[in-house]
Structure formats: structure tokens, C-alpha cells
Amino acid sequence: MAPLTNLISASSILLGTMITITSNHWMTAWIGLEINTLSIIPLISKPHHPRAIEAATKYFLVQAAASALLLFSGMTNAWYTGQWDITQLSYPPSCLLLTAAIAIKLGLAPFHFWFPEVLQGSSFTTALLLSTVMKLPPTTILLITSHSLNPTLLTFMSIMSIALGGWMGLNQTQTRKVMAFSSISHIGWMAIIIIHSPELTLLAFYIYILMTFSIFLTMSTINTSSLPTLMTSWTKTPMLSTTLMLTLLSLAGLPPLTGFLPKWLIIQELIKQELTTTATAISLLSLLSLFFYLRLAYCSTITLPPNPSNKMKQWSTKNPTNTLIPTLTSLSTSLLPLTPMMLTTT
């Protein structure tokens with residue numbers, strides 16, 4: 001793809017994201033989401049492979065349906081209340097439609113079916129955008145309208161997402177599909193606390209973006225798309241394999257790494273809200289995700305004798321991400337001491 005096309009796509013994604021997260025009107029929010037959808041499709045279909053074309057088609061159909069539901073929700077609310085303001089969502093059927101639309105866009109269960117297939121058909125860079133940047137606009141709408149959402153429905157979808165994200169990731173051998181189910185599980189953690197503490201949802205989302213950036217950049221650098229190739233990565237790039245292992249353990253939520261922070265605070269807040277059963281359920285379900293994170297971490301650190309190949313020399317001298325990955329890994333593993341500050345702000 002030509003550099004100009006990449007620049008236009010990246011600029012359009014940024015523009016659509018800014019329009020959506022800064023808008024208070026349903027129409028402008030819908031326009032921003034549509035700009036985002038149309039901007040990412042050329043990046044998904046860039047490899048000119050049947051799987052990439054299939055992923056782009058699935059993404060377009062699903063996102064178009066979700067955007068139509070969202071616009072219909074806003075129009076129905078405006079018809080009955082006379083308000084086009086996003087924060088004035090009060091008509092119950094509109095609230096249900098909006099919850100379904102945002103769940104489809106985020107990949108929350110039971111609307112998660114499209115996300116693993118689209119990620120598997122995309123390149124690592126595009127998969128990174130789909131897992132992080134493209135989730136920011138719908139998450140923002142969910143935060144703005146959190147006071148109007150149905151707590152029971154959102155809790156049910158969140159627990160189902162955590163369960164399915166862990167269960168479906170157990171038998172996956174493709175790293176992008178594993179990261180897709182990991183994303184579904186983490187979105188469930190964010191959605192389950194959004195009504196009680198939107199600040200914790202933002203914190204969990206920011207930390208998730210940080211860790212996902214580190215993992216996808218590392219996997220892209222060492223070019224590992226499946227578990228068999230991940231097992232041989234140590235012979236080529238021992239340092240990157242070590243950083244990948246640490247970030248995966250952090251994404252799993254193991255203390256004393258950064259990923260433990262949002263899960264700890266979310267469970268603590270649920271207990272404060274007298275939702276001990278819910279906190280216990282998601283804590284136990286997170287053990288499913290822990291299994292495949294540990295499997296990935298184990299595969300990335302199978303300590304065969306290091307082989308200083310040309311690829312290893314290329315990483316150490318020419319790769320532009322050789323400073324970005326260690327920085328992201330350091331942040332992904334060492335932010336837990338900031339917990340007292342987080343507790344005072346939330």
C-alpha cells in the first residue's frame with residue numbers, strides 16, 4: 001500500500017476517533033464511528049489474501065449493523081424525549097438498543113463471534129489497531145451513557161465475555177486469535193465495573209492498551225503468528241522473548257506486575273458494592289485466561305541455545321522498535337507501586 005494511502009487511513013482513524021469522543025450529539029458520534037469503520041477496511045484488506053478480504057467483509061457488515069443500531073437508538077430516544085444529547089438517554093428501549101450496538105462494536109459476548117476471525121485475517125499492525133484504537137470510541141460512548149444502561153444486562157454480558165474469552169482461548173494455536181479472546185475477556189472486566197466506577201474502567205482500558213501495544217509490537221518484530229513459531233523465537237531474539245513473557249504474565253494479572261492493578265481494584269470495588277458473588281465468579285473465570293497466558297509465556301521462553309543469526313543482528317541494529325518495546329514492557333510490568341495514588345484518585 002502506498003505511503004499516501006497509509007497516511008490518509010491513519011489520519012481518518014484519528015479524525016473519526018476525535019469526532020466521536022468529543023461529540024455530544026448522536027449524529028456526530030455516528031459520523032465519527034462510520035469514518036473509523038471506512039478508514040480501517042483498506043488496512044484489513046491490504047494483504048490481498050482471501051482471508052484478509054473475508055475479514056474486511058465481516059468487519060464492514062458487523063460494524064455497519066452496529067452503527068445502524070446505535071443511530072436507531074439515538075433517533076428513538078429523540079423521538080420520545082426530544083433530546084439528541086448523548087447524555088440524555090432515558091427511553092428504556094433505546095438504552096437496550098445502545099447496549100447491544102456498543103456490545104457488537106466492542107466484541108462483548110454474545111456478539112463476539114466476528115472479532116477473532118477479523119483479527120486472524122489481519123496483519124499484526126492492523127490487529128493492534130483493532131484491539132486498541134478502534135475500541136476507544138465505543139468505550140467512550142459506553143462511559144458517557146453508563147448511568148442509563150441496564151446493570152443486570154451489562155453484568156450478564158460481562159461475565160459471559162470473561163468466561164468465553166478464557167474458555168475459547170484454551171485450544172487456540174494462533175497468537176492473534178489468542179489475543180482476540182484475551183481482548184474479549186478484558187473488555188468484560190471493563191464493562192462489569194463501568195456503572196459503579198467509570199474511572200476504574202478507564203484505568204483498566206489504558207493499562208490494557210499499554211500491555212497490548214507491547215505484545216503486538218514484540219510479536220510483529222519476531223514474526224510469530226502461531227505457537228510453533230513462538231517456540232523457536234528464543235534462538236533468534238532471546239531478549240524480546242523475555243520481554244514478551246513478562247508482558248504476557250502482566251496481561252494475565254499476576255502480581256506484582258502492572259496487569260494485577262486494575263483487576264485488584266475492580267474486585268475491591270465490586271466487594272464495596274456488595275457484589276461479592278460477582279467478584280468471586282469473575283476471579284475464578286479469570287483462571288481460564290491465566291492458563292493460556294502461561295502457555296504462551298512458556299512457549300516464548302523455551303531456552304534453546306541462543307543462535308546469533310542475521311535476524312537477531314537486524315533487531316539489535318536496524319529495527320526502529322528496539323527502544324519502544326523495552327519502554328512499553330517496563331511500563332507494563334512495573335506500575336503496581338502507583339496503586340496508592342490510584343486509590344486516592346478513585
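In this predicted model, the centres of domain 1 and domain 2, taken over C-alpha atoms, are separated by 24 Å. Where the two domains touch, domain 1 contributes 16 residues and domain 2 contributes 19 residues. The domain assignment places residues 1–122 in domain 1, while domain 2 is made up of two segments, 150–308 and 319–345.

The secondary structure of the protein consists of 17 helices and 0 strands. Its radius of gyration is 20 Å, close to the 20 Å that the globule rule gives for 346 residues, so the protein is as compact as a globular protein of that length. Along the principal axes, the C-alpha trace spans about 70 × 50 × 35 Å. Of the 346 residues, 52% are buried. Among contacts between residues at least 6 apart in sequence, 79% join residues at least 24 apart.

Under "transmembrane region", the unreviewed UniProt entry lists several stretches, among them 56–76, 152–171, 243–261 and 281–304. Two of the listed stretches may be examined in turn. Residues 152–171 are 85% helix and 0% strand, with end C-alpha atoms 30 Å apart. Over residues 243–261, by comparison, the chain is 63% helix and 0% strand, and the end C-alpha atoms are 19 Å apart.

A cis peptide bond, with omega of about 5°, joins Pro255 and Pro256. Pro256 is located in the loop between helix 12 (238–252) and helix 13 (260–272). A cis peptide bond also joins Ala109 and Pro110, where omega is about 5°. Pro110 belongs to the loop between helix 4 and helix 5 (114–120). Most peptide bonds are trans, and most residues other than glycine have a negative phi.

Glu274 is found in the loop between helix 13 and helix 14, and because its relative accessible area is 71%, Glu274 counts as exposed.

Helix 7 presents a case of burial. Of the 9 residues in helix 7 (residues 136–144), 7 are buried, so this helix is largely enclosed by the rest of the structure. The buried residues of helix 7 are Pro137, Pro138, Thr139, Thr140, Ile141, Leu142 and Leu143. Their cover includes helix 1 (3–22), helix 2 (26–44), helix 3 (50–81), helix 4 (92–106) and helix 10 (198–222).

Helix 3, one of the elements covering helix 7, also holds Thr76. The relative accessibility of Thr76 is 14%, so this residue counts as buried. Leaving aside residues up to four places away in sequence, Thr76 touches Tyr91 and Ser94.

Tyr298 lies in helix 14 (residues 276–300) and is exposed because its relative accessibility is 58%. In sequence, Tyr298 and Met231 are 67 residues apart, while in space they are 8.5 Å apart, C-alpha to C-alpha.

The cysteines remain to be considered. Which state, buried or exposed, describes Cys299? With a relative accessible area of 4%, Cys299 is buried. Cys95 also counts as buried, because its relative accessibility is 8%. A disulfide is a covalent bond between the sulfur atoms of two cysteines. A search of the whole structure finds 0 disulfides.

Terms used
Residues numbered from 1 in each chain as written. Predicted model: local features only at pLDDT ≥ 70, side-chain atom pairs only at ≥ 80, totals over all residues. Heavy atoms only, no water. Disulfide = S-S within 2.5 Å. Buried < 20%, exposed > 50% of the residue type's maximum accessible area, 1.4 Å probe, protein only. Helix = DSSP H or I, 4+ residues; strand = E, 2+ residues; numbered from the N terminus. Rg over C-alpha atoms; globule rule 2.2 N^0.38 Å. Contact = heavy atoms within 4.5 Å. UniProt positions renumbered as here; feature names shortened; annotations may be inferred. Domains from an automatic or database assignment.
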